[in-house]
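How do two helices in a protein chain pack against each other, and which values describe such a packing? Two packed helices are described by the angle between their axes and the distance between the axes. The report below applies this description to a predicted model.

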Amino acid sequence: MSIEIANESGLDVDTDAVLAVARHALGEMGVNPLAELSILLVDVEYMTELNHRWMGGEGPTDVLAFPMDEGSVDHGPGEVSSGEPGLLGDIVLCPEVAAKQAATAGHTPADELHLLTVHGVLHLLGYDHAEPDEEREMFALQARLLTSWRAAQTQ
């Protein structure tokens with residue numbers, strides 16, 4: 001799995017852990033091991049600009065996902081796959097927003113970044129949470145992936 005990460009947030013972030021949780025989620029989801037992913041960590045000002053430009057949102061958000069190519073996902077037997085790896089897309093994270101959310105949620109900023117990374121990966125793979133059923137499915141999968149990643153870290 002080729003994952004490029006760039007920390008342009010101005011904050012000290014454990015990018016190795018962000019890479020590890022992304023790699024774990026992609027592996028567990030059956031993504032072609034030759035697929036490519038880009039992760040960008042940005043400051044509040046740039047995230048605010050991206051959120052406004054691409055989502056029509058006001059203010060900064062925690063994570064944005066920009067999917068590029070559905071051909072990287074290993075499809076089930078009923079679906080046709082090109083078999084060729086491709087660029088999954090980009091995940092943009094805002095560590096400052098994540099830190100504020102972590103304080104509210106009662107966990108560490110690192111835990112919040114890991115959650116947001118998995119959340120971004122799932123969006124790239126076509127999951128969404130606009131409808132209640134979709135939200136239940138996506139958030140349950142997100143929790144399962146985080147739990148299995150944390151368990152793997154303690155072994």
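Helix α4, which covers residues 109-124, packs with helix α5, residues 132-153, at an angle of about 125 degrees, and their axes lie 10 Å apart. Because angles from 65 to 115 degrees count as roughly perpendicular and those over 145 as roughly antiparallel, α4 is oblique to α5. The crossing of these two helices, α4 and α5, is right-handed. On the side of α4, the residues that take part are D111, H114, L115, V118, H119, L122 and H123, and they meet M138, F139, L141, Q142, L145, L146, W149 and R150 in α5. Sorted by class, this contact of α4 with α5 holds nine nonpolar, four polar and two charged residues.

Helix α4 also has a crossing with helix α1, residues 15-28, where the axes come within 9 Å and cross at roughly 40 degrees. The helices α1 and α4 are therefore oblique to each other, and α1 passes α4 in a right-handed crossing. From α1, the residues A17, V18, V21, A22, A25 and L26 make the contact, together with H114, T117, V118 and V121 of α4. In the contact of α1 with α4, eight residues are nonpolar and two are polar, with no charged residue.

| Helices | Angle | Axes |
|---|---|---|
| α4 and α5 | about 125 degrees | 10 Å apart |
| α1 and α4 | roughly 40 degrees | within 9 Å |

Conventions
Residues are numbered from 1 along each chain as its sequence is written. This is a predicted model: local features need pLDDT of at least 70, side-chain atom pairs count only at pLDDT 80 or more; totals for chains, interfaces and linings use all residues. Side-chain values use heavy atoms; hydrogens and water are left out. Axes are lines fitted to C-alpha atoms, for helices over the stretch in contact, and angles run from 0 to 180 degrees between N-to-C directions. Helices (H or I, at least four residues) and strands (E, at least two) are DSSP runs, numbered from the N terminus. Angles under 35 degrees count as roughly parallel, over 145 as roughly antiparallel, 65 to 115 as roughly perpendicular and the rest as oblique. A crossing is left-handed if the near helix is turned anticlockwise from the far one by less than a right angle, and right-handed if clockwise. Contact means heavy atoms within 4.5 Å. Ala, Val, Leu, Ile, Met, Phe, Trp, Tyr, Cys and Pro count as nonpolar, Asp, Glu, Lys and Arg as charged, and the others, Gly among them, as polar.
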